[in-house]
Amino acid sequence: MPTCRIGKRARSLRSFSSPISSYRTPLLFLSVVCSGMEAARSLPVLPWLALMLALFVIVGNGFYLPGVAPADFQKNDPLQVKVNKLSSTKTQLPYSYYSLPYCKPKAIVDSAENLGEVLRGDRIENSPYGFSMREPQMCKIVCKLTPDAKVAKDFKEKIEDEYRVNMILDNLPLVVPIRRLDQDSSTVYQQGFHVGVKGQYTGSKDEKYFIHNHLSFLVKYHRDEQTDFARIVGFEVKPFSVRHDYEGEWNGDKTRLTTCDPHAKRTVANSDNPQEVDERKDIVFTYDVEFQESEVKWASRWDTYLLMTDDQIHWFSIVNSLMIVLFLSGMVAMIMLRTLYRDISKYNQLETQEEAQEETGWKLIHGDVFRPPNNSDLLCVYVGTGVQFFEMLLVTMIFAVFGFLSPSNRGGLMSVMLLLWVFMGIFAGYSSARLYKMFKGSEWKKTALWTACMFPGIMFAIFFVLNALIWGEKSSGAVPFTTMFALVLLWFGISVPLVFVGAYLGSKKPAIEHPVKTNKIPRQIPEQAWYMNPLFSIMIGGILPFGAVFIELFFILTSIWLQQFYYLFGFLFLVFIILIVTCAEITIVLCYFQLCSEDYSWWWRSYLTSGSSALYLFLYAAFYFFTKLEITKMVSGILYFGYMLIASYAFFVLTGTIGFYACFWFTRLIYSSVKID
């Protein structure tokens, strides 16, 4: 990690002042909100418009904090390139850089990695590539490799699976600029360069494997004119495959190449004479490095990497989804409010018991509506787990929207989510114990233990099986035993005790009182219409919440499985809010229809109604697998569906809990609004 030189940093502060998009966005956000609210005092609609505008300001600017201190470099200061994992979108199995016999430094040194980096499969190590700041180098020899049959086979397999080499300079990932054909002067960036390519010689039909053995690096820097210090703002490469020739005997890095000679100003500009990967064919690895001054400030150096390739589609899709869901939500809310107001007024005007008995609908089941459901302790466990997951996501989103999860901190998002999950266990224990006490349960410790262990236990079991498969493939993505032990320690050392603390606090609180009393003898539920069948209504209920998130889900899946940058947490936060609203409203609507049909078994159905959106998420993940990914290996396919099963299960717990609490609040509200004799 770069170190900060305080004196030099202070002298160059004026030149390296941060851009508006990085530091002034919160002020702009507050000013938009304040001005919008000031103008909205006369009209009730304008505050919502002001809030939406303010949120879109955050989304549009992609606000983030740099995350690390800047490093200042003088001319000729050494720059050390680090290597990261080899990654492939076809196999999803990362490997360490030196799993292939690339050129090695004298001693390989591992960089310290956080928990998130280890879980992502990152393996950061030093490399033989060394630069001097603002000193161009031409045709620098790294080493020569004469592959045997096994080495050639390994290289060919990695080329066949389209593996990419990832490198890092000053905490910036190496990218390959690719010019888009559909837009003028538009450039997108691909993380890492391919190990090699498959191709054919002219006039031949046999496919050969060619390795990228010459790298043309471009280091972009921003210079302070007063102090002459520079900061790195870009790290790009153009890979080439070149069959190098040399004069005389091989003499290490002092060998005179004929295909690439700095003395004769002969550079590599194409791959017309490529280097084939074959047994006993020498491969000479070389590189060039150029330095280019840039106007980009250090605080904004990630902006070019975080540009979405489908920005217009993304914008219009999200706005369209927002408008549709908000319109449906408004219509549903208006219908529900008008219908409920009429029902409550009608019931409160009844004067005699005979008139009340002639009525039908949700009032007649007031003596059974709060009757504890079957498996009430399991419901308490799932609700507590959902609260824990909801709190974790909410805090993570807030941190991300306000820029505290910097893209320069690799693995930071996963580390934060894991730690938040552990510490939010106190809310899980509290909410499950409160609900358990309302159901008149007496064994709150047992419920707390299930809350602390069931969901994480299922997750850990699936993860352990998937990790064993990755171990079998000898991939660097396999989580080491020490990290697994650390995860178990976080679970049982912090999360479980916090769940018990929360459960203890919840059990000491007075039980939640229902607005109406429950009869001793349960009322018989009449025969229901076909459209009120539990399975049918539950499956219908999951469509709208899934519809609110599936567009953003496409970009998230692309970011994860196609290894593209994703940092539009403003969009994600908006979608998260819409998800909460739609889960709550669709559950309330279907619960109201159920109560009107004199069916009072709403506890589990309210959870499953919105939770069924997880089934659609898993089906969409399967659709994405067969239409967007090129995974062919069995192990890779199992890994994909295993991880998506974990994500879908977590989504089920989250959306189910939102729907349950919305329905719980709704039933208490309506039954406390009518006169019950």
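Which residue lies over the face of Y95, and at what distance from the ring centre? In this predicted model, the residue is K158, placed 4.5 Å from the centre of the Y95 ring. K158 also lies over the face of a second ring, that of Y163. Here the distance to the ring centre is 5.5 Å.

Contacts between rings come next. A total of 52 aromatic pairs is found in the structure. One of them joins Y129 and Y287. The ring centres of Y129 and Y287 are 5.2 Å apart, and the planes meet at 65°. The pair is edge-to-face because its angle is over 60 degrees. Y129 belongs to strand β2, which covers residues 125-132. Y287 belongs to strand β13, which covers residues 283-293. The pair therefore ties together parts of the sequence that are 158 residues apart. Both partners, Y129 and Y287, are buried.

A further aromatic pair is made by F554 and Y624. This pair, too, is edge-to-face, with 70° between the planes and 5.9 Å from centre to centre. F554 sits in helix α14 (residues 543-561), whereas Y624 sits in helix α17 (residues 613-628). The contact thus ties together parts 70 residues apart in sequence. F554 has a relative accessible area of 23% and is therefore partly exposed. For Y624 the relative accessibility is 1%, so Y624 counts as buried.

Ring pairs also build a cluster. Its members are W561, F618, F625, F626, Y640, F641 and Y643.

The cysteines were examined next. A search of the whole structure gives 2 disulfides. One joins C103 to C143, with an S to S distance of 1.8 Å. The torsion about this S-S bond is about -75°, so the disulfide is left-handed. C103 lies in the loop between β1 (78-87) and α4 (115-120). C143 lies in strand β3, residues 137-145. The bond links distant parts of the chain, 40 residues apart. C103 is buried, at a relative accessible area of 5%.

The other disulfide joins C139 to C260, with 2.0 Å from S to S. C139 lies in strand β3. C260 lies in the loop between β12 (230-240) and β13. C139 and C260 are both buried. Counted along the chain, the bonded cysteines follow the pattern 1-3, 2-4.

Accessibility was also computed for C380 and C453. C380 has a relative accessible area of 0% and is therefore buried. C453 has a relative accessible area of 22% and is partly exposed. The value for C453 does not fall under the 20% limit, so C453 does not count as buried.

Terms used. Residues numbered from 1 in each chain as written. Predicted model: local features only at pLDDT ≥ 70, side-chain atom pairs only at ≥ 80, totals over all residues. Heavy atoms only, no water. Phe/Tyr/Trp six-rings, centres within 6.5 Å; stacked < 30°, edge-to-face > 60°. Helix = DSSP H or I, 4+ residues; strand = E, 2+ residues; numbered from the N terminus. Buried < 20%, exposed > 50% of the residue type's maximum accessible area, 1.4 Å probe, protein only. Lys NZ or Arg CZ within 6 Å of the ring centre and 35° of its normal. Disulfide = S-S within 2.5 Å.
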